[in-house]
Amino acid sequence: MIHFNGLHHVSLAVRSLDIARVFYSEKLMLQEIPRPPFNSTGVWYAVGDQQLHLLEHPGGDTLRERGIDTVDGHFAFWVKSHSDTKAWLEEQGIPYEARPDSVAGFAQIYVLDPDRNILEFGAPYGS
């Protein structure tokens, strides 16, 4: 039997690490953390006790091209406030799809990063 302790990290492929770093570091304000000297280009971020790993994909032209599709692969950040997150995304000029009364049991906001990876922000209802 496997005894899971939690999720350690999520890795996303990106076309340009420079463009991705602007989005994740400067717009979302995630904290960059040290990354081992792999034979690949990437950056790691701390997200609470978990990590987000971005990897520059050498065949980047074949990455995802569609818009927000909530049944497609994505990962979710848990945030304190739905309304504050929407306000921040608007201030940063990041388009989003909000579902404040989602049947998921919590409010949801979906965005696309520069490589069209789907990110979800979940928050308590009414926050």
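Asp115 counts as buried, at 4% relative accessibility. In this predicted model, the side chain of Asp115 meets that of Arg15 in a salt bridge, with an N to O distance of 3.3 Å.

**Asp115 and Arg15**
- The two residues are 100 residues apart, and the pair links distant parts of the chain.
- Asp115 sits in the loop between strand S7 (107-112) and strand S8 (118-123).
- Arg15 sits in the loop between strand S1 (9-14) and helix H1 (17-27).
- Arg15 has 25% relative accessibility and so counts as partly exposed, whereas Asp115, at 4%, is buried because the cut-off for that class is under 20%.

**Glu32 and Arg21**
- A salt bridge joins the side chains of Glu32 and Arg21, at 2.9 Å from N to O.
- Glu32 belongs to strand S2 (residues 31-33) and Arg21 to helix H1, so this contact ties together parts that are eleven residues apart in sequence.
- Glu32 is partly exposed at 40% relative accessibility.
- Arg21 is also partly exposed, its relative accessible area being 29%.

**Arg66 and Asp72**
- Arg66 and Asp72 form a salt bridge in which the closest N and O atoms are 2.3 Å apart.
- Arg66 counts as partly exposed, with 48% relative accessibility.
- Asp72 has 21% relative accessibility and counts as partly exposed, because buried requires under 20%.

**Background**
- Opposite charges on side chains can pair when the charged atoms come close.

How values were computed
Residues numbered from 1 in each chain as written. Predicted model: local features only at pLDDT ≥ 70, side-chain atom pairs only at ≥ 80, totals over all residues. Heavy atoms only, no water. Salt bridge = Lys/Arg side-chain N within 4 Å of Asp/Glu carboxyl O. Helix = DSSP H or I, 4+ residues; strand = E, 2+ residues; numbered from the N terminus. Buried < 20%, exposed > 50% of the residue type's maximum accessible area, 1.4 Å probe, protein only.
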